[in-house]
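The following exercises are to be worked through with the sequence and the three-dimensional structure at hand. Each task is followed by a solution in steps.

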Amino acid sequence: MRYVTDVVAPAVERLERASGMTGSIPDDLIPEELASAAELGKRILAGECDEGLGRSFFDFICQCSAVRNSVDMVALRFDDRYMRILFETEGVACY
């Protein structure tokens, strides 16, 4: 349980901080998992796991991974090399 707490507690803090910084980001770029991962993390820390600790921890990791992938995709929108490749291959580059 200590390992789970050591992993989940800082992740929940970062997810909550990220939630507070979404004001200037378009809604379609904010992953749905951002809020649900933070809530699941809080439930794990409180010991209120509906599906058992192992399954809840796995779900938490998956949701955090989805958030990370979304952040990576947003970062690519600011990478001029990526946008050039996108334009050259698909003829469109959305900024």
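Predicted model: local features only at pLDDT ≥ 70, side-chain atom pairs only at ≥ 80, totals over all residues.

**Exercise 1: Helix 2 and helix 3**

Describe how helix 2 and helix 3 cross, and state which residues make the contact.

Solution. 
Step 1. The axes of the two helices, helix 2 and helix 3, come within 9 Å and cross at roughly 150°.
Step 2. Angles over 145 degrees count as roughly antiparallel, and helix 2 is therefore roughly antiparallel to helix 3.
Step 3. The crossing of helix 2 and helix 3 is left-handed.
Step 4. On the side of helix 2, the contact is made by Glu33, Leu34, Ser36, Ala37, Leu40, Gly41 and Ile44. On the side of helix 3, the residues are Leu53, Ser56, Phe57, Asp59, Phe60, Gln63, Cys64, Ala66 and Val67.
Step 5. Divided by class, the residues of the contact of helix 2 with helix 3 are ten nonpolar, four polar and two charged.

**Exercise 2: Ser56**

Decide whether Ser56 counts as buried or exposed, and list its contacts, leaving aside neighbours within four places in sequence.

Solution. 
Step 1. Ser56 lies in helix 3.
Step 2. Its relative accessibility is 4%; because buried means under 20%, Ser56 counts as buried.
Step 3. With neighbours within four places in sequence left aside, Ser56 is in contact with Leu40, Ile44, Cys49, Asp50 and Glu51.

**Exercise 3: The contacts of helix 1**

Describe the packing of helix 1 with helix 2, and then the crossing of helix 1 and helix 3.

Solution. 
Step 1. Helix 1 and helix 2 pack at an angle of about 145°, and their axes are 9 Å apart.
Step 2. The crossing of helix 1 and helix 2 is left-handed.
Step 3. The residues of the contact of helix 1 with helix 2 comprise eleven nonpolar, three polar and two charged.
Step 4. The axes of helix 1 and helix 3 come within 12 Å and cross at roughly 35°, and this crossing is also left-handed.
Step 5. Tyr3, Val4, Val7, Val8, Ala11, Val12 and Leu15 of helix 1 meet Leu53, Phe57, Phe60, Cys64 and Val67 of helix 3.
Step 6. The contact of helix 1 with helix 3 has twelve nonpolar residues, no polar residues and no charged residues.

**Exercise 4: Two separations**

State how far apart in space Thr5 and Gly47 are, and do likewise for Ile25 and Ala46.

Solution. 
Step 1. Thr5 lies in helix 1 and is partly exposed at 30% relative accessibility.
Step 2. Thr5 and Gly47 are 42 residues apart in sequence and 10 Å apart in space, C-alpha to C-alpha.
Step 3. Ile25 is in the loop between helix 1 and helix 2 and is partly exposed, with a relative accessible area of 32%.
Step 4. Ile25 and Ala46 are 21 residues apart along the chain, and their C-alpha atoms are separated by 31 Å.

Technical notes. Residues numbered from 1 in each chain as written. Heavy atoms only, no water. Axes fitted to C-alpha atoms, helices over the stretch in contact; angles between N-to-C directions. Helix = DSSP H or I, 4+ residues; strand = E, 2+ residues; numbered from the N terminus. Parallel < 35°, antiparallel > 145°, perpendicular 65-115°, else oblique. Left-handed = near helix turned anticlockwise from the far one by under 90°. Contact = heavy atoms within 4.5 Å. Nonpolar A, V, L, I, M, F, W, Y, C, P; charged D, E, K, R; others polar. Buried < 20%, exposed > 50% of the residue type's maximum accessible area, 1.4 Å probe, protein only.
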